[in-house]
Amino acid sequence: PLKRARRGAELPSERDPHPCRGWGPPRRGATTVAEASRALVTICRRLRLMGLEVTELEECAVATLPLGPEPFEAPDGSFHPETLRFSTVGSDRIKCLSPEPLFQLPWLSIRGCSAAADIEVRVRKAWAERQVELSQARAWLEGLGGRPQNLAGGALLGLPLELEEEKTCAVVTRPGRLVLPGRGPLSGLALQRAADRVYHAEGSFETAVDLELAVTTRLEELARLEGKRARMRAQVAARTVRPSSPPTRRSHTVLLAGPQLAADGALVESLHLRGYTTCRAPSMRAALAAFGERSFQLVMVDAALDRAEGTELVPELEALPGLACVPVLVVDDRARAHRRKAARRVGAAGYLVRPISVERIEDRLRQLLDASKQRRFTRYPRRLAVRFAGGTEGAHTAVIGRGGMGLRCQRAPAVETLERFEISIPETRGLVRVEGEIVYQELEPGEAGGEVGVRFEAFPPGDERTLVAWLSGLREEPAAIG
């Protein structure tokens, strides 16, 4: 149990908004080794003053707390542990280790506790709160006709699953929230994000069978995605890519505009599972402001947006400087012929009706994002000095836009490699740092280099905003749209 307690961590709620790595000094940890050592000494002293038996380990301490005669009530009957063993977490929290049912409780704060009895009161309160949550979850499952199982001595509730010839349970922590099992399709797989293990049953399920089918489908989907990621990691490891420490490529960026899309956690999570980075904008004003910060490759907008129609966002985006034709998908609650026609009339890329299944529309999303004939951003003819990051080699732009640049340089980097660049902005005398993928090269006879096409992949915080602001200030007609 102590090893499992050390692995406990908060589940992440959002994708890292700044995937560009390697710029600036490394981030420092929240505590140093010396601070952690002092915290351990402090909490051990406190516990011993309470009269508890304490054993100090390398990173934490383990203490034994005598318990009163009152039983712990559980669905399968009460139990009467004589003692509680717990480990310390930092300077003011504990993690219950035994008995087994109490191990399932979250970390508990003992801040303000001056006696052993105070700690026992908090443990019993946490157990009572857990029983209330589980009784609500049990009522939810039984309302669907399910037969939940008590697990871990009544500390957990299980939803039985039939996985091929294997029987296991998803853990139900509260109504609509399940933790997926590591057995079955996920057996032996380490998921990329801890949050992927949690399934939010936000849809309307009529029966427990429908819920079980949705959970097993999610398990199979996660297994396929993790298998795909594993194959991609193996391919990358087998390839030699210059530079030796290439930056991480940013995923496709999607803006979700409108109150319903901004609140659709299931859609956001499903997009994240497929490698998309999302940003939420609850209103039209927020959506337009978001394009002042970064350049999104796809927009999904509610058909009802503020007091306007979602289709009105399409011409508003086209009027923004530097945007040529960003694909917009209009999402409606039900099929309406007049809205479908309006979406087609203003040039929207599609019209969708809820509920949205990302799995069903994934091919269409890829077609829109990978389309090469119709580019999203205007390219401006500007000659800006560019330097390869980490070196002295210089180059200059022939054209530049929100999504990339055409570069004239003596050395032509290999196609499909990632490079870091520093672009000089003469008006501000500042630099814009960017990671870009080399998408093409055109060598001239007798020349060592030539023209290179760069697609922007990631910026350090603030640099993309600087580039967007500079491009928005250009007043000359663009040389080409593409």
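Student: Let's begin with charged side chains. How many salt bridges does the structure hold?

Tutor: The general idea is that side chains of opposite charge can pair when their charged atoms come close. In this predicted model, the count is 21 salt bridges.

Student: Which residue meets Arg274 in a salt bridge?

Tutor: That partner is Glu221, with 2.2 Å from N to O.

Student: Is Arg274 buried or exposed?

Tutor: Buried means under 20% relative accessible area. Arg274 has 8% relative accessibility, so it counts as buried. Glu221 comes out at 11%, so this residue is buried too.

Student: And which residue pairs with Asp332 in a salt bridge?

Tutor: Arg339 does, at 2.9 Å from N to O. Asp332 is buried at 2% relative accessibility, and Arg339 is buried at 13%.

Student: What about Glu451, which side chain does it meet?

Tutor: Glu451 forms a salt bridge with Arg408, at 3.7 Å from N to O. Since Glu451 is part of strand S24 (residues 450-458) and Arg408 part of strand S21 (residues 404-409), the pair ties together parts 43 residues apart in sequence. Arg408 counts as partly exposed, with 28% relative accessibility.

Student: Now for the rings. How many aromatic pairs are there?

Tutor: The structure holds six aromatic pairs. One of them joins Phe72 and Phe79, with 5.4 Å centre to centre and 15 degrees between the planes. Planes under 30 degrees apart count as stacked, and this pair is stacked. Phe72 is buried, at a relative accessible area of 2%, and Phe79 is buried at 17%.

Student: How do I read the Phe291 and Phe296 pair: stacked or edge-to-face?

Tutor: For planes over 60 degrees apart, the label is edge-to-face. The Phe291 and Phe296 planes are at 75 degrees, with ring centres 5.2 Å apart, so this pair is edge-to-face. Phe291 is buried at 1% relative accessibility, and Phe296 is buried with a relative accessible area of 1%.

Student: Which residues form one aromatic cluster?

Tutor: Phe72, Phe79 and Trp127 do. Phe72 also has a charged neighbour: Arg124 lies over its face, at 4.3 Å from the ring centre.

Student: Where does Lys95 lie?

Tutor: Lys95 lies over the face of Phe103, with 4.7 Å to the ring centre.

Student: Last topic: cysteines. What does the disulfide count come to?

Tutor: In general, a disulfide is a covalent bond between the sulfur atoms of two cysteines. Here the count is zero disulfides.

Student: How would I check that for Cys44, and which cysteine sulfur is nearest?

Tutor: Compare the sulfur distance with the cut-off: a disulfide needs two cysteine sulfur atoms within 2.5 Å. For Cys44 the nearest cysteine sulfur belongs to Cys60, 8.8 Å away, and Cys44 is in no disulfide.

Student: And is Cys44 buried or exposed?

Tutor: Cys44 is buried, at 1% relative accessibility. Cys113 is buried as well, with a relative accessible area of 5%.

Technical notes
Residues are numbered from 1 along each chain as its sequence is written. This is a predicted model: local features need pLDDT of at least 70, side-chain atom pairs count only at pLDDT 80 or more; totals for chains, interfaces and linings use all residues. Side-chain values use heavy atoms; hydrogens and water are left out. A salt bridge is a side-chain nitrogen of Lys or Arg within 4 Å of a carboxyl oxygen of Asp or Glu. Buried means under 20% relative accessible area, exposed over 50%, partly exposed in between (1.4 Å probe, protein chains only). Helices (H or I, at least four residues) and strands (E, at least two) are DSSP runs, numbered from the N terminus. Rings of Phe, Tyr and Trp (its six-membered ring) pair if their centres lie within 6.5 Å; planes under 30 degrees apart count as stacked, over 60 as edge-to-face and the rest as tilted. A charge sits over a ring if NZ of Lys or CZ of Arg is within 6 Å of the ring centre and within 35 degrees of the ring normal.
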